[in-house]
Amino acid sequence: ESSNPILWAQALNTQANLWLQVGQPQTALETWEQAQEFYQQANDTLGALGSQINQAQALQQLGFYHRSSEHLAAINQQLATFPDSDLKISGLNSLGTALQNTGDFRGAYDVFSQSLAVANRIGAASQRSAILLNIGKLAADLDEPETALSYFETAEQQAVTPLQQLQARLGRFTLSLQHYQGQTARLLLPQIRQQLTELPPSRTSIYSAVNLANTLLRLDQNHQLLSIHDLSQLLSNAIQAARTLGDPRAEAYGFQQLGQLYLQAGQRPEAIDLTQQALAIARTHQAEDIVAQAAWQLGRLLKETAQQPEAITAYQEAVKALQALRG
């Protein structure tokens, strides 16, 4: 179709990356599918495989982890025949994440270990920290806090970007609250908050802020580390940053967590309003994973305020979203 398919492929690849960064994974997925076709026209096998790996990452952001892992298992069989490269590491990392999110922790560990071995062989420093972070999260999922802590500390030491350092610190912070006395958490929290204010808005920094609030809501329910006011400010800043970036998924996630905060504070009317905002945004952008969480939260709130028919409708929406994700 095109006199220069490789240029088309590269342009579409860049465009898809931008779509993903602003929380439009469905559009990114479709754009990468087009890029793959142009790479194939140009007989660029590695370019086509790179597009397929990116499609799998978009599927993960849409919540379709089973589809993504099936997709990636086939890609990695092909990649195994190629020399070690950043692309091979990227494919293995994506497969590991998909397996982890479908509950296959041992399978994920094996894949991340392969990825780390490739990164060590080719000296891929920027990839090493991300892999160590993934293995740390996996160890935490397997309830091996000491192993997880060791990986998070190494990931933080080897981080090559402030975002990687922040994510490793967040891992240490959560572990400290879950398994230790929390002294480490007290020391880390000011550093994490400082980094969040200094970093330019990005999907990763926004999700880091919302996940920090989520951790504090679950594990610091007496608000000894951060007051309700400070938590509300943290989430409001994240929502504003998501709007600035034009990332509706991150914005919906922020509203859902803010609703959770108001629920915990006993302010049900505000919690209902915020959760409804989260649900409306998530619905509009087909973010089924966030729809499921927000609709379940709304059902619970409506039930507690004796609005039974409305609660049933919300719970039905949550079930429908979960069925879509399972499919």
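**Ground rules**

I number residues from 1 along each chain as its sequence is written, and side-chain values use heavy atoms, with hydrogens and water left out. Because the model is predicted, local features need pLDDT of at least 70 and side-chain atom pairs count only at pLDDT 80 or more, while totals for chains, interfaces and linings use all residues.

**Entry 1: salt bridges**

I searched the whole structure for salt bridges (a side-chain nitrogen of Lys or Arg within 4 Å of a carboxyl oxygen of Asp or Glu). The search finds 11.

I looked up Glu156 and Arg172. They form a salt bridge, with the closest N and O atoms 2.6 Å apart. Glu156 sits in helix α8 (residues 145-158) and Arg172 in helix α9 (residues 162-179), so the pair ties together parts that are 16 residues apart in sequence. Helices here are DSSP runs (H or I, at least four residues), numbered from the N terminus. I then checked burial. Buried means under 20% relative accessible area, exposed means over 50%, and partly exposed lies in between (1.4 Å probe, protein chains only). Both Glu156 and Arg172 are buried.

Next came Glu251 and Arg243. Their closest N and O atoms are 2.9 Å apart, in a salt bridge. Glu251 is buried, at 13% relative accessible area. Arg243 counts as partly exposed, at 44%.

Then I took Glu317 and Arg283. Their side chains meet in a salt bridge at 2.7 Å, N to O. Glu317 belongs to helix α16 (residues 308-326) and Arg283 to helix α14 (residues 268-284), so this pair ties together parts that are 34 residues apart in sequence. Arg283 is partly exposed, with 44% relative accessibility.

I also noted a network. Salt bridges link Asp84, Lys88 and Arg121.

**Entry 2: Ser205**

I found Ser205 in helix α11 (residues 203-219). Is Ser205 buried or exposed? It counts as buried, at 7% relative accessibility. Its side chain reaches the backbone nitrogen of Ser202 at 3.0 Å. I also listed its contacts (heavy atoms within 4.5 Å). Leaving aside neighbours within four places in sequence, Ser205 touches Leu163, Leu196, Leu199 and Pro200.

**Entry 3: helix α16**

I checked the length of α16. The expected span is 1.5 Å times one less than the number of residues. For the 19 residues of α16 that gives 27 Å, and the end C-alpha atoms are 27 Å apart, which agrees.

Which residues of α16 are buried? They are Ala311, Ala314, Ala318, Ala321 and Leu325. They cover an arc of only 85° around the axis, so they are on the same side of α16. The arc is taken from the directions from the helix axis to the C-beta atoms. I recalled the general rule: an α-helix has 3.6 residues a turn, so residues three or four places apart point the same way. The buried residues of α16 pack against α15 (288-304). The face turned away from the buried side carries the exposed residues Pro309, Lys320, Gln323 and Arg326.

**Entry 4: helix α2**

Helix α2 (residues 25-41) has 17 residues. From first C-alpha to last it reaches 24 Å, close to the 24 Å expected. Its buried residues include Trp32, Phe38 and Tyr39. What do the buried residues of α2 pack against? They pack against α1 (5-21), α3 (45-61) and α13 (248-264). Just after α2, Asn43 takes a positive phi of about 60°.

Conventions: Helix = DSSP H or I, 4+ residues; strand = E, 2+ residues; numbered from the N terminus. Polar contact = N/O pair within 3.5 Å; in protein donor to acceptor, adjacent residues only side chain to side chain.
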